[in-house]
Amino acid sequence: MNSQPNLSHMAVFAAVARHSSFQKAASDAGMSTSAVSHAIRGLEERLGVVLFHRTTRSVSLTEAGQRFLERIQPALRDVSEAMEEMNHFRAAPAGTLRINAARTAAYLLIAPLMSRFLAAYPDINFEVADDDGFVDVIAGGFDAGVRIHEGIPEDMVGVSLGGPQRMAIVASPDYFAERDRPIHPNDLLQHQCIRIRFPSGRTYRWEFEKDNEALDIEVNGRLTLGDTRLIAGAAIDGLGIACVFEDLVTEPLRDGKLVRVLEDWCAPFHGFMLYYPRQRRMTSALRAFIDLASHRSNWSSTKSPNP
């Protein structure tokens, strides 16, 4: 071993390991890809081992790299927390806030806050990853995640975001021009519905509740999509009946581009929650975001839904 690795190179190494990509790690660190490659190459030379398997298509840790990552992660976390603690002595919060949010939450709840947040805190960099998959926010290097209430991991602290939500069953007036409108959820089985597929590969069974009767329906349809805004657009185009978040289709319903059915079967449910690791100190940037958002909507701090 020629000399001790420096802390910045170890942080770059951890970023490459987290993203399995030199390019994404470079973007994350605000560096060029060549600078990241140079840092990793220098680190490997100092350690005398190869840390990554590299091909033209993938980057993965070697056994030595995995062991090195496990050993340095606590130290990097301690340094990060020490630097974050210094923010409490600053006049204004600083640093980078990274949030992984479900696409609908990012569009409906986070996007309206971005301009105000960036204007209020000029020393904070804000990154939002819109992702409908279930992500390990700790492993992904995120400060927080936003998901439906029921999907919050048990070891997280949750903050209710945006209040209760409702789904809306909608289609275009043209679609219903020659078809009877459903008056019971089971009537959907006679219609072309726009099916929803999650990133896991599972299709969504449409859920209904009325007078203490709960139903879930595996609808039929030729079109299957994964993005709720695409689904709403397909419904406007007359391609079938859609099940979407109510707030996504407020304007099309008002403008007559969509017609709502089965509204009495669409009960409110717990909406989205912002969540963060219980064992990790909340950063000043995350606290600033929650404080700003609390002035826009009625957020309430809660424990994880499954304590």
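Buried, in this talk, means under 20% relative accessible area. Keep that cut-off in mind. One caveat before the details: this is a predicted model.

Let's start with helix α9, residues 284-294. How many of its 11 residues are buried? Eight of them are, so α9 is largely enclosed by the rest of the structure. The buried ones are Ser284, Ala285, Leu286, Ala288, Phe289, Ile290, Leu292 and Ala293.

Now the whole chain. It has 307 residues, and buried residues make up 44% of them. The secondary structure comes to nine helices and 15 strands. The C-alpha trace spans about 80 × 45 × 35 Å along its principal axes. The accessible surface is about 16700 Å², and 48% of that belongs to carbon and sulfur atoms. Next, contacts with a separation of 6 or more. Residues 24 or more positions apart account for 75% of these.

Strand β14 covers residues 272-277. Six of its six residues are buried, so β14 too is largely enclosed by the rest of the structure. Which strands pair with it? Take β5 and β6 in turn. Strand β5, residues 144-148, pairs with β14 in the antiparallel sense over four bridges. There, Arg147 stands opposite Met273 of β14. Strand β6, residues 156-161, is joined to β14 by six bridges, and these two also run antiparallel. On that side, Val159 has Leu274 of β14 as its bridge partner.

Next, a helix pair. Two packed helices are described by the angle between their axes and the distance between the axes. Here the pair is α2, residues 22-29, and α3, residues 33-47. The angle is about 105°, and the axes are 8 Å apart. Angles of 65 to 115 degrees count as roughly perpendicular. Therefore α2 and α3 are roughly perpendicular to each other. Who makes the contact? From α2, it is Phe22, Gln23 and Ala26; from α3, it is Thr33, Val36, Ser37 and Ile40. By type, that contact has four nonpolar residues, three polar and no charged.

Stay on α3 for a moment, and look at Glu44, which is found in this helix. Is Glu44 buried or exposed? Its relative accessibility is 12%, so Glu44 counts as buried. What does Glu44 touch, leaving aside its neighbours within four places in sequence? The contacts are Val49, Val50, Leu51, Phe52 and Arg54.

Last stop: a sheet. Three strands form an open sheet, in the order β12-β7-β13, with antiparallel pairing. The edge strands are β12, at 242-245, and β13, at 259-261, and each pairs on one side only. Neighbouring strands are turned by 50° against each other on average, direction ignored. Strand β7, residues 167-171, pairs with β12 over four bridges. Within that pairing, Ala168 has Val244 of β12 as its bridge partner. Which helix packs on this sheet? Helix α7, residues 228-236, does, and it touches β7 and β12. The direction of α7 makes about 130° with that of β12.

To recap. Helix α9 has eight of 11 residues buried, and strand β14 has six of six. Helices α2 and α3 pack at about 105°. Helix α7 packs on the sheet of β12, β7 and β13. That's the tour.

Conventions:
Residues are numbered from 1 along each chain as its sequence is written. This is a predicted model: local features need pLDDT of at least 70, side-chain atom pairs count only at pLDDT 80 or more; totals for chains, interfaces and linings use all residues. Side-chain values use heavy atoms; hydrogens and water are left out. Axes are lines fitted to C-alpha atoms, for helices over the stretch in contact, and angles run from 0 to 180 degrees between N-to-C directions. Angles under 35 degrees count as roughly parallel, over 145 as roughly antiparallel, 65 to 115 as roughly perpendicular and the rest as oblique. Contact means heavy atoms within 4.5 Å. Ala, Val, Leu, Ile, Met, Phe, Trp, Tyr, Cys and Pro count as nonpolar, Asp, Glu, Lys and Arg as charged, and the others, Gly among them, as polar. Two strands pair if DSSP finds at least two bridges between them. Buried means under 20% relative accessible area, exposed over 50%, partly exposed in between (1.4 Å probe, protein chains only). Accessible areas come from the Shrake-Rupley method with a 1.4 Å probe; for residues, only the protein chains shown count as cover.
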